[in-house]
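Colleague: I'm new to this one. Can you walk me through it?

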Amino acid sequence: MPKSIQDNICEERLFSSIFNKYAKDLRNFLYYKFGEQLNPKDKVQEAFVKLWENCGKVTPEKAKSFVFTTANNLMLNEAAHQKVILKYQGTKPTHYTNENPEFLMQEDEYRKKVQLALANLTDAQREAFLMNRIEGKRFKEIAEILDISTKAVEKRIYGALEKLRKDIKEL
């Protein structure tokens, strides 16, 4: 049975009534959950724009759920973006150093040794090692990502550590 005109969100009057019914509650929900910093009014507008773009796919019964979920996800994405901005605002590039030139030269040589030693690892060892040591992932997480057993991850990382210790005597 085809949808009647009253059941079609693409119909302007129905869309308008849905907007009037849920916009204030949605804005309050976002404000209480995330505060004013992330512009909850803008996210409400964006959520309703997405509802309008998907009006043929969303039934009126699902409209409230759709806009609340969409707006919440938009706010979560914005919050994550703000964290990245704050992280990089906090790190300022150094244009000077108090280190002597000999130390800087040794540091550069050491960095080159580490890069060469990492390049000498097998692809499997390097991938597992960097996921563990740089990204901070646990063995179980790495195993799930690489679709291998936890023991295989352990073997790759311990093999990488042995090879790195052999290649870089300072470790």
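Predicted model: local features only at pLDDT ≥ 70, side-chain atom pairs only at ≥ 80, totals over all residues.

Colleague: How many aromatic pairs turn up in the whole structure?

Modeller: Five. Rings of Phe, Tyr and Trp (its six-membered ring) pair if their centres lie within 6.5 Å; planes under 30 degrees apart are stacked, over 60 edge-to-face, the rest tilted. One of the pairs is Phe15 with Trp52, edge-to-face, 4.9 Å centre to centre and 75° between the planes.

Colleague: Where do Phe15 and Trp52 sit in the chain?

Modeller: Phe15 is in helix H1 (residues 12–34) and Trp52 in helix H2 (residues 40–53), 37 residues apart. Helices are DSSP runs (H or I, at least four residues), numbered from the N terminus.

Colleague: Is Phe15 buried or exposed?

Modeller: Buried, at 14% relative accessible area. Buried means under 20%, exposed over 50%, partly exposed in between (1.4 Å probe, protein chains only). Trp52 is partly exposed at 38%.

Colleague: Which residues do ring pairs link into a cluster?

Modeller: Phe15, Phe19, Phe48 and Trp52.

Colleague: New topic. What lies over the face of Phe68?

Modeller: Lys64, at 5.7 Å from the ring centre. The cut-offs are NZ of Lys or CZ of Arg within 6 Å of the centre and within 35 degrees of the ring normal.

Colleague: And which helix holds Arg156?

Modeller: Helix H7 (residues 150–167). Arg156 is partly exposed, at 24%.

Conventions:
Residues numbered from 1 in each chain as written. Heavy atoms only, no water. Helix = DSSP H or I, 4+ residues; strand = E, 2+ residues; numbered from the N terminus.
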